[in-house]
Amino acid sequence: MAGRKRVSGASVVALCLLLVSLVACGGGTAVDGARAQVQSLLDRRAEAVLEQDAAAYARTGTRAGFDSLRAVPLADWSYRVTALDRTGDTATASADLSYRVEGYDRSPVTTARSLRLSRDRDGHWSVDSDRPAKKSGQQLWDQGTARAVRGERSLVLGVGQPEAELRDYAELADRAVPAVSDAWGPEWSRRVVVLVPETLEGMAGLLGSPASSYRGIAAVTTGATGPGVRAPADRVIVNPDAFGLLGDSGRQIVLTHETTHVATRAHTSAATPLWLSEGFADWVGYRGGDRTPDEAAPELAYAVGRGEVPDALPDDEDFGFSGDADRLARAYEGGWMACRLIADRWGEERLGAFYRAVGAHEGRDGAVEDAMKRVLGITPEEFTAQWRQYVGDQLGDQLR
């Protein structure tokens, strides 16, 4: 130990405190300070969006995106910084963007964003870019300047679409809303937001999925399922390529189908099988129309004509966009026939009660069984047998 000085316990404590202070000042405190500054910056940027103040928006960084969403009627727009990765005078912020469309959204849409930032010589942060986070879908205005068309009960937002085309969508949605209310009841917002991107690729971008997953699909509805009065905001997203191939009747059926998903969202849960949610939406879409069963269910009718009546109701896996178009069509048609059977034999009111009862169940196990027993007075095995007979009778008779 020769030549070494003895360090007292008090000195060790003082040294440790000094080191902790240095680490905090150079690391955690600095990061927390930068995060607070970035949050303040994004708060000002959000306020500029809501106030449509282009000058104030530009003072927070890039103007990109401001003009693209100017036509969107916003009730709320806010960012919440969830993480900040800083390197000197540059940083990447992860943030949740929440917004509500005025007059349409009861609850906000929340989406993850990634923002690149830089700091000037005076220590002020600014936004260099604002993009969807990895594995998050785009927003419509990420694809270009959004155009808005208001209907009586609808708001249609489009990119790269002429106004006349968007008005056609609004008219379809305006007719869909009362049709859905007549079938389901009035206990929903009775308003719908429709997004029309320019291409199939634009639709896929909004959904954060490959375009191949939605080729041939005319429209989908987004929104988290779950019980409660304040259902999450829904969007009907159109595939203009496939939608444009439909006739007037087909377009109306599609928009009515998707609007049904909006109406039933609060009563749709993890307990609801897809044959019921998709079948009910198709039942509402075809309700009141003049299509015969074989016209509405051509793939299932073809199978029945070959003597191949399905043994069981469609599984959730049958509804996957896997590229097997015939299997997907038979799944939708089988679900529709099941809901049509309930409406025919137990009445439309019981069909709605059955849907609500299934969605109110705590989980998938036993949900259909309990609802069938309480609402329809039948077991799943008995229902499946009746459904198979119904499919054979309805589609087989049409083919004779």
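Which residue in strand 7 is the bridge partner of Val156? Point 3 has the reply.

1. First, the ground rules. This is a predicted model, where local features need pLDDT of at least 70, side-chain atom pairs count only at pLDDT 80 or more, and totals for chains, interfaces and linings use all residues. Residues are numbered from 1 along each chain as its sequence is written, and side-chain values use heavy atoms, with hydrogens and water left out.

2. The overview: the chain has 14 helices and nine strands. Both are DSSP runs numbered from the N terminus (helices are H or I, at least four residues; strands are E, at least two). Of its 400 residues, 46% count as buried, and buried means under 20% relative accessible area with a 1.4 Å probe, protein chains only.

3. Now strand 6 (residues 154-159). Six of its six residues are buried, so strand 6 is largely enclosed by the rest of the structure. One face has Ser154, Val156 and Gly158, the other Leu155, Leu157 and Val159. Strand 6 runs parallel to strand 7 (residues 192-196), joined by five bridges, and here is the reply: Val156 has Val194 as its bridge partner. Strand 5 (residues 146-150) is antiparallel to strand 6, also through five bridges, and a hairpin of three residues links strand 5 to strand 6. Arg150 stands opposite Leu155. (Two strands pair if DSSP finds at least two bridges between them.)

4. Four strands make an open, antiparallel sheet in the order 1-2-3-4. Strand 1 (74-87) and strand 4 (125-132) are at the edges with a single partner strand each, so one side of each has no neighbour in the sheet. Seven bridges pair strand 3 (residues 109-119) with strand 4, and Leu117 has Val127 as its bridge partner in strand 4.

5. On to the core. The largest nonpolar core has 115 residues, and those with the most contacts inside it include Leu117, Val194, Trp275 and Phe354. Such a core is a set of buried Ala, Val, Leu, Ile, Met, Phe, Trp, Tyr and Cys residues joined through side-chain atoms within 4.5 Å. Not counting residues up to four places away in sequence, Phe354 touches several residues, among them Trp275, Ile342 and Met372 (contact means heavy atoms within 4.5 Å).

6. Finally, two helices. The axes of helix 8 (residues 274-286) and helix 11 (residues 325-345) come within 7 Å and cross at roughly 70°. Helix 8 and helix 11 are therefore roughly perpendicular, a label for angles of 65 to 115 degrees. Axes are lines fitted to C-alpha atoms, for helices over the stretch in contact, and angles run from 0 to 180 degrees between N-to-C directions.

Notes
Buried < 20%, exposed > 50% of the residue type's maximum accessible area, 1.4 Å probe, protein only. Parallel < 35°, antiparallel > 145°, perpendicular 65-115°, else oblique.
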